[in-house]
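Look at the model below and turn it slowly.

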Amino acid sequence: MKSRLAKIAFIGTHGVGKTTLCYGLAARLKRRDVALDIVNEVARRCPLPINSETTAAAQRWILHTQIAEETVAMARYPVVLCDRSALDNYVYYLLAAGSDPTLDRLVEDWLKSYELLVHVPLLKTPQPDGVRAADPEFQRLVAARLEAELAARGVDCLRLDAARSELWLDEVEDVVLALLSPPQLSLI
C-alpha cells in the first residue's frame, strides 16, 4: 500500500492503553506493507525523576527528546506512530512547574505536525509496571489537565469511546487507512 506522509500520536494519561494501541495499529499497517516507525514513550528512558516527583528539567528533557525522535522518524519513514505526543509531555511539565511561554509556543507549533491525535480515555487505574506512577489520583490529575489543554487550544482529535474499548483498534485502523489512502479523483 503506497501511503501519504502522516504522523499519528496516541494521547492520554499514563496507563490507559496507548502503547497497546500503538503497537496493535503498527502490526496491522505492517501487514498492509505500510512503511512506518514507532516513537516510543521517552519518559521511560529519562535519566531524571518522572511521575509526581518530576522536575522541570526532567520534563524539558522528555519534551525535547520526544520532538527530536519524531523529527528523525519523519525523515526516515512516511508514517510515524507516536506513543504520546508533545502535548502529553508538556502536560506533565505544566503539573510539575507551571506554564513556560517558550515551551508553550514550541508545543503549540509542534501540534500542527500531527496528522491525527487519537485520545485514549481513562478506563481503569494504572497497574504498577516499575516505571510509571500507579497512583490513581495522579493519573486523574494528568487526564484532567490534558483535557483542559485540548479544550484551551481547540485541538481536534479522534476521541475513543470508553464504553467501546474492544473496538478501539478497529476504529483507529479504519480512520488511519482512510487518512493514508491517496485521494481519489472524482469521476465527472
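Rings of Phe, Tyr and Trp (its six-membered ring) pair if their centres lie within 6.5 Å; planes under 30 degrees apart count as stacked, over 60 as edge-to-face and the rest as tilted. By this rule there are two aromatic pairs. The model is predicted, so local features need pLDDT of at least 70, side-chain atom pairs count only at pLDDT 80 or more, and totals for chains, interfaces and linings use all residues. Residues are numbered from 1 along each chain as its sequence is written, and side-chain values use heavy atoms, with hydrogens and water left out.

Why are Tyr 90 and Tyr 93 separated by about one helical turn? They are three residues apart in helix H3. Helices here are DSSP runs (H or I, at least four residues), as are strands (E, at least two), numbered from the N terminus. Tyr 90 is buried, with a relative accessible area of 0%. Tyr 93 is buried too, at 5%. Buried means under 20% relative accessible area, exposed over 50%, and partly exposed in between (1.4 Å probe, protein chains only).

Now go inside. In soluble globular proteins, nonpolar side chains tend to be buried together.

Next, find the largest pocket. A pocket is an open set of points on a 1 Å grid over the protein atoms alone, where a 1.4 Å probe fits, with protein on both sides within 12 Å along at least five of seven lines; lining residues have an atom within 4 Å of a point. This pocket is lined by 16 residues, and Gly 15, Val 16, Thr 19, Arg 44 and Asp 129 lie nearest its centre. Helix H1 (residues 18-31) supplies the largest share of the lining, three residues.

Finally, check the backbone. Asp 33 is not a glycine, yet has a positive phi of about 65°. Asp 33 is exposed, at 62% relative accessible area. Arg 84 also has a positive phi, about 120°. Is Arg 84 buried or exposed? Arg 84 is buried, at 1% relative accessibility.
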